[in-house]
Amino acid sequence: MTADPAPGGGLSGGPSGGPSGSLSGGPSGAGLPDNAYAAVVAALPDMTPARLRRLLHDRPARLAHGELRAGDPSLLERLVDPEGEAAGAAAGHARRLERARMYARWWTEELNARSVEGTWASLRAQSIGVVRLGDEHYPRGLLRLPDPPELLYVRGELVSAAGPAVGIVGTRRATHYGSGVAGEFGAELAGRGATIVSGMALGVDAAAHSGAFTRAVSGAAPIAVLAGGVDVVYPPRNRALYHKLVESGAVVSEAPPGTAPVSWRFPLRNRIIAGLSAVLVVVESSRQGGSMLTVEAADRIGVPVLAVPGSIRSPQSEGTNLLIAQGGAHPALDVGDVMAALVQVAGDEARLFDPVSVSVGRRGGRAGRDGGGRSQSTSGGRLDREAVDRVLSRCSPHERAVYRLLSDDVTQVDTLCEATSSPLRDVVLALDRLSELGLAQPHGAGWVRR
Amino acid sequence: MIAAIPSATLLGVEGRRVVVEVHVSTGLPGFAVVGLPDAACREARDRVRAALLSSGLPWPLRRVTVNLAPSGLRKTGSGLDLPIAVGLLVALGEIDRRAVEGCGFVGELGLDGTIRTVPGVLPLVAALRTTAVVVPVPGAAEAQLVRGPAVRATRTLAELVSVLKGEAPWPPLPAPHSPRPPGHAELPMPLPDLADVRGQAVGRAALEVAAAGGHHLVLSGPPGSGKTMLAERLSGILPPISREQMLETCRIHSAAGLPLPGGVLAGRAPFRAPHHSASAVALLGGGSSWLRPGEVSLATNGVLFLDELPEFPVAVLECLRQPLEERVVRIARARAAVTLPADFLLVAAMNPCPCGEGNRAGSCQCTLAQIERYARRLSGPLLDRFDLHVAVSRPDAHELFAISPQETSAEVAVRVAAARELCRARGIRSNAAIPSHRLDAIAPLEPRARALLERRLAASELSARGLDRIRRVARTLADLDGRDGAVPAEAVATALELRPGRRALLAAPGYAA
């Protein structure tokens, strides 16, 4: 997917050629790009993505803006909710018409009170770019959606991705295993030039983004799709990650700036993640998790879905295991599986992606070489079995015994003391040595294998 | 026609000397109390009159003025009833002036002339500094803890008057509180023993470190994992308190109007466990007229145990930060400001999430929003004041049965006392209070220990602020091993395990890594 952010020279650069100020009071400033009008219409109260689509559909936003402002009666036709969408289809037409009239009156008032220049200037001041459906830089992947977002707000740089985009989604309540795998996949895929697309939520999403930052090559900066406005950091705990994304990635949303991330916007956000992705990977998800909605959206537009299998006892893996069992997703046993899926997609739809940068390797090639030298590293990667055995052979029997008791699940130090029947000090020294060797790390209320 | 009787009033946990001046003169019959009396004190007039009349004593049909000097100090409570009555009788010539020479009086009068006890007999008597004191019978035992004055007590005003007139001898006193019983067998209640705790290597170590170094401790775990069980065993491993500490704690209990705790009188550290519905005033002390000491003061020289920490109102918890830092509570009211002692060891227990299960068992029913709300109740600055963060796990059946016998409280107490001795020899009150600038002198690190800390700092598992706390805990761990010199690596590694931070306490995602 590609997108240069700047229709009309808007997003990435400074305020070059900014028309703001030069057009005092003029209702239709000739120097303003059409997207400025679209942004004003999109920011109207109670505007939903569906209403915006019907209002702007296939015509210059300036036109729609003018009609709305003038209270043009022909608008009513567009404003009336189409049959079936509103409740009570037959009897409801009169009611829907009444509703449309109400909105028309309200929005006419609102538009007369708002200045297009002001809205546009404030967007530019916050370096928020606007891309509209049909623009040259509109992400092409989104065109596959039955209801592509009419307008996308972008903060950061939605640079033309050198490689294809991989969506990595999953539960907010990720286990150590889930966030570990998400981080690893994020790092490995970004290291091979893939753009990681996710939702910046806690758990899997954040782990995937953070992983991507550790290894991303140029041109493969991660993209976060938010449910609220691109200037609303949600969840607030990911503030640091948000700033990193804005700085060297992109934050995208279909909601106008300032919009709160209310619940109905999340499924809509998920469809954008699916649309931007060439391949979707679900790392951990419960049976009813929000990630399952992303999977549905991906299914609808033919984006291949991969799921990371997990323990049958873990509630966080119920959804992913079910996807694999019912054939809704291919198992993702390692990064190679994702790469293979990408190559297949690239072959099928070469127009979407640049297949040159996609190289397949199962812990071989580049990644394998890295693996050897990474045995002491603390970032992202995981040791393979031989490397672990090699490192363990340098450990004392007691340290090996402690390592064997560790797993992907959190093991508390109490348990380690009991199981090895050794005093606390010996266990903590062994754990410290294992962490120094990159074999273990503290997590939650105890320790896990790294 | 004037008399001056020494007495005392309570301000916080301290007594203040008050002289009750009674003046009887001709004029319209009347009775006035001046010198900033509070409501209870002003009502003394009616109680004194009724008590005198029902004791068969005269009530003057003359003008009576009572002045409570110094008149700038606010007098609270009913303890001035007795000195007012005695002063009046002296001024009337009913009692010989020489009979009350050098004698202080404290007590409330009933309408039938009985002498009732008041809160704070111990600090009041300590403040009097007279050669003899007359106190209510129920307060005699605690008055005798004060060295110096001869303690006398009578049940009624009539009895007192007949003694002062020389018509009867002083009645015998009730048995005094023995300052310290000879053996532990006489302790009021046997303490629970650490030997009953199965497994919990980390919890036991944390308890021992808390006792030895005065480090505040928070325990987190699912219900039934033994948090309360561990906390209750802290008293049994704390060293006995000194006589001065015992007197201080008794004075605070007395000022709060509570009976003196038997354990404290026996030299055991106090253990206070307020329920989580406690208000800020109940916890910190205060109140509108009588500045009553709160739980933090009552726990002075001992343990304050807050079970279900996040269930306490947030505002109340935040109030704890100042006493934790300064070891005193400053309470300022419009009329008075007092400083109450608050030198306690804080032990808190909590669940990792509202349902209690945490994400370990995978059976947690809480929504993310619930967990977030729960986690927000504990502010960073508050949790930061705990040197020890311990996740307690619920032992499984196999652990409960197949475990080698555990150390008893007595064995641990020996190590704790030795560690405290090492600490005292360095001239600091506790390892938890080592100032940052003296850490290098008091808790130098062995090269391996330094390397370990540097590595963990580099892995950003540790903040610079947390570093000092880790070093203090490591000092205590080394002291418990009897190692006075540089702190070894295993002490540092253990200290790190005893303070892992939020991730160990709360099940909230995002704290996981």
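## Chain A

A residue is called buried here when its relative accessible area is under 20%. By that cut-off, buried residues make up 53% of the 450 residues in chain A. The model is a predicted one.

Chain A contains 18 helices and 11 strands. Of its contacts with a separation of 6 or more, 73% are between residues 24 or more positions apart.

## Extent of the interface

The size of an interface is often given as the accessible area lost when the parts come together. Between chain B and chain A, the buried area is about 2700 Å², with carbon and sulfur atoms giving 53%. On the side of chain B, B:Leu368, B:Glu497 and B:Arg503 supply 20% of the area buried against chain A, more than any other three residues. The contact involves 24 residues from chain A and 36 residues from chain B.

## Polar and charged pairs

There are 6 salt bridges across the interface of chain B and chain A. In one salt bridge, the side chain of A:Arg425 meets that of B:Glu490, at 3.8 Å from N to O. Between chain B and chain A, 9 residue pairs are in polar contact, both residues being at pLDDT 80 or more.

## The chain B side

Five elements of chain B give two or more residues to the side that touches chain A: α7 (201-213), α16 (368-376), α21 (447-458), α23 (489-498) and α24 (502-505). The largest share, 5 residues, comes from α23(B). By residue class, this side of chain B has 18 nonpolar, 11 charged and 7 polar residues.

How values were computed
Residues numbered from 1 in each chain as written. Chains lettered and ligands numbered in written order. Predicted model: local features only at pLDDT ≥ 70, side-chain atom pairs only at ≥ 80, totals over all residues. Heavy atoms only, no water. Helix = DSSP H or I, 4+ residues; strand = E, 2+ residues; numbered from the N terminus. Buried < 20%, exposed > 50% of the residue type's maximum accessible area, 1.4 Å probe, protein only. Contact = heavy atoms within 4.5 Å. Buried area = accessible area lost by both parts, 1.4 Å probe. Salt bridge = Lys/Arg side-chain N within 4 Å of Asp/Glu carboxyl O. Polar contact = N/O pair within 3.5 Å; in protein donor to acceptor, adjacent residues only side chain to side chain. Nonpolar A, V, L, I, M, F, W, Y, C, P; charged D, E, K, R; others polar.
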